[in-house]
Amino acid sequence: MSLSPRPEPVRFQSLADAVDFLYSRLPGALHVGAPLGLGKPHRLLNALYERAEREPTRRLHLYTALSLDPPAAGKGLEARFLQPFLERHFGDDYPRLAYVQALKRNALPAHMEVEEFYLQSGALLRSQAAQRRYASLNYTHVARALAERGVNAVVQKVAADPSGSGRLSLSCNTDLTFDAVDAIVASGLPRPLLIAEVDPLLPWIDGSAAVDASFFDAVATPPGPYPKLFGLPRQPVSDADYAIGFHASTLVRDGGTLQIGIGTLADALCHALVLRHTDNAAYWRVLEALGYKKAGGSGNAGGSALAHAASSDVDLSSNRNAMASIAPAAPLEHTASSDVDLSSTSNAKATIAPLAPFSVGLFGCSEMLNEGFRRLVEVGVIKRKVVDDLDVMRRLHDGRADAADLERLEREGEYLQGGFYLGSQDFYDWLRDMPPAQRRGISMRRISEVNELYGGNETLERLQRRDARFFNSCMMATALGAAVSDTLDDGRVVSGVGGQYNFVAMAHALPNARSVLMLRATRDGGGETRSNVVWNYPQATIPRHLRDVYVTEYGIAHLRGKTDEDCILAMAAIAGSGFQYPLLQAAIGAGKLAPKHYRLSDRNTPQRLRAALAPLRAQGVLPDYPLGSDFTAVEQRLVKALAWLKANTATTGAKARTALKAWFSGGAADAEAMRRMGLERTAGFAERLEARLVALAMRENSAD
């Protein structure tokens with residue numbers, strides 16, 4: 001039986017008229033779904049919020065995630081720096097989401113409810129309503145949950161076909177819309193009302209992202225001017241970030257599959273992969289600075305083994321992990337040693353993934369496409385193509401592909417698949433302006449296709465996702481291998497599970513795949529340094545039985561299939577030097593380690609890392625902003641100076657010492673920086689002190 005074609009959508013130019021349409025078509029409570037991130041139609045949602053405020057008799061339930069909100073400018077020096085940047089970067093007409101502002105004030109009207117399954121990191125820790133109505137869901141389970149909640153409308157930002165065909169593209173957010181509509185209908189509920197808001201600035205993505213306009217019930221095309229797309233400001237990459245990224249890069253196999261998250265750890269990893277491909281000699285200089293050694297031959301030879309101080313000479317298919325070094329005659333004390341210590345442990349003696357430039361290249365398959373993928377495509381690291389044809393993929397896998405297969409692969413193949421994208425304005429320009437033939441290799445897909453193997457063509461996806469490496473970050477990890485990625489010890493949610501569990505589980509399901517969770521070994525706050533490798537924690541995002549690979553700036557811990565004892569020793573080896581001792585003490589107290597005698601290293605320190613990487617920083621091998629910057633040159637200098645100032649005023653005592661030093665120290669000020677901060681002319685004690693603090697911070701950082 002053939003289905004009758006859907007009618008053409010109702011067209012609106014007024015957002016208020018589109019909201020009227022929604023209210024008139026749906027009696028009773030409104031259960032509205034909206035995409036996460038960039039695909040959220042901010043102006044349409046604000047018009048809906050305004051209408052809902054006027055009609056408290058109609059309940060409004062909004063189901064969404066990652067409600068992006070530009071940071072507030074703050075006060076004092078922070079405001080002096082941020083206010084001009086925010087106005088330039090986001091535009092002074094950026095439509096902040098009204099419901100987010102209400103949530104932050106704990107002032108959401110009683111007849112409204114907002115439920116999110118992923119929060120902008122740290123933005124809603126103090127919002128009682130957001131914390132109460134957070135839904136902890138795997139990304140791939142969200143569509144099912146939307147059906148269970150009876151969602152009766154979906155609103156989404158879309159792109160219009162620049163060729164004038166009249167088609168629309170879900171562009172940045174194919175992740176949940178298709179899955180949600182199917183799940184709602186499959187549950188026996190009516191197809192939800194679908195309303196699109198056309199944004200001329202949103203890049204057009206064809207293929208599986210494009211639909212006939214009739215997919216929607218209504219299409220709103222509001223007049224300009226059009227606010228900028230939300231651009232994530234690119235942040236500087238620290239020494240610890242770079243060390244983590246380069247350690248992680250040694251795990252990637254040519255011809256494999258890559259998934260990455262977002263943030264400076266992902267930026268560092270992408271830079272490492274770019275350098276490995278474009279300047280292999282420089283790549284090896286960084287690895288050597290981190291303690292890696294070539295085991296015969298050149299790094300360009302493609303098959304060398306490594307002898308590294310933190311468990312990097314590893315065959316990823318091996319199930320063995322070496323024990324930490326034990327000194328039977330030494331007491332359990334924090335003694336430094338350069339020859340017998342936890343940081344000198346190594347895994348099974350086997351060759352690791354070749355570290356030559358990429359010949360076959362990588363296939364990118366990631367829930368989120370971002371800045372790093374742009375750079376990897378540009379330099380030719382992401383280039384391995386796949387097709388959705390099981391027979392062709394089998395022949396490619398077996399080495400039986402003929403000329404026709406290869407020609408089809410080149411013509412139809414996709415090198416990058418994702419569920420949503422989010423990045424900088426440069427990233428959006430790249431998507432918008434790339435040649436059509438190149439853009440055809442990028443496919444935006446349902447999250448059920450990207451984030452899991454089951455329910456679709458599992459055999460095909462296994463062939464496509466060979467040698468997969470799933471890189472994600474976490475906040476903390478326990479010595480027994482559980483990961484803490486989204487929630488504080490008191491239960492407050494920082495962000496959300498998102499797709500992290502999906503990729504960890506997929507790594508265990510695919511042959512020769514690995515889940516790699518990256519984290520900084522320590523964090524600073526309130527003038528105190530704390531370890532991110534802990535004995536235990538009240539909350540966990542990834543359970544210990546799915547432990548696999550962890551990476552800190554001090555090395556790699558391979559935990560898959562290991563005993564608890566071996567896991568503890570491997571995690572202690574990549575913890576900061578000052579935190580290895582209490583970690584082992586806790587393990588011994590719990591009976592998880594034998595009360596033997598251990599010597600601990602003092603080599604896992606920020607100071608040693610900084611000294612090792614300083615020459616490479618000076619040479620430009622490790623730039624502050626490897627994927628480009630949204631800050632001007634003077635702002636980049638100020639970012640470093642203000643970070644130094646924040647670190648040196650973290651406690652009352654430090655604040656007093658820094659203020660006294662600033663007030664009485666001499667030396668020329670950076671005139672350009674002072675103008676940028678509005679401190680070239682000062683009035684009153686407070687402004688003069690601010691100016692001297694900035695001048696001191698600029699001098700301290702220029703000395704570095």
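Analyst: **Starting at strand β11**

In strand β12, the residue that bridges to Cys 365 is Gln 417. Before going further, a word on what we're looking at: this is a predicted model, in which local features need pLDDT of at least 70 and side-chain atom pairs count only at pLDDT 80 or more, while totals for chains, interfaces and linings use all residues. Residues are numbered from 1 along each chain as its sequence is written, and side-chain values use heavy atoms, with hydrogens and water left out.

Back to the strands. β11 (residues 363–369) and β12 (residues 416–421) run parallel and are joined by 5 bridges; two strands count as paired if DSSP finds at least two bridges between them. Strand β10 (residues 257–259) is also parallel to β11, with 2 bridges. There, Thr 257 sits opposite Phe 363 of β11. 7 of the 7 residues of β11 are buried, so the strand is largely enclosed by the rest of the structure. "Buried" means under 20% relative accessible area, "exposed" means over 50%, and "partly exposed" is in between, using a 1.4 Å probe and protein chains only.

Zooming out for a moment, the chain has 25 helices and 22 strands. Both are DSSP runs numbered from the N terminus: helices are H or I with at least four residues, strands are E with at least two. The radius of gyration is 27 Å, close to the 27 Å the globule rule gives for 704 residues, so the chain is as compact as a globular protein of that length. That radius is taken over C-alpha atoms, and the rule is 2.2 Å times the number of residues to the power 0.38. The C-alpha trace spans about 80 × 80 × 50 Å along its principal axes, and 57% of the 704 residues count as buried.

Strand β15 (residues 476–478) pairs with β16 in the antiparallel sense over 2 bridges, and Ala 477 faces Ala 483 in β16.

Asn 46 is one of the buried residues of helix α2. That helix (residues 42–54) has 13 residues and reaches 19 Å from first C-alpha to last, close to the 18 Å expected at 1.5 Å a residue; the expected span is 1.5 Å times one less than the number of residues. 10 of the 13 residues of α2 are buried, so α2 is largely enclosed by the rest of the structure.

Now for the charges. The structure holds 53 salt bridges, each being a side-chain nitrogen of Lys or Arg within 4 Å of a carboxyl oxygen of Asp or Glu. Glu 690 and Arg 80 form one, at 3.1 Å from N to O. This pair links distant parts of the chain, with Glu 690 in helix α25 (residues 684–703) and Arg 80 in helix α3 (residues 76–90), 610 residues apart. Glu 690 counts as buried, at 18% relative accessibility. Asp 388 and Arg 445 make another, with their closest N and O atoms 2.7 Å apart. Asp 388 is in the loop between α11 (371–379) and α12 (390–398), and Arg 445 in the loop between β13 and α16, so the pair ties together parts 57 residues apart in sequence. Asp 388 is partly exposed at 45%, whereas Arg 445 is buried at 13%.

Lys 562 is buried yet has no salt bridge, and the nearest side chain of opposite charge, Asp 566, is 7.2 Å away. Here Lys and Arg count as positive, Asp and Glu as negative, and His and the chain ends are not counted.
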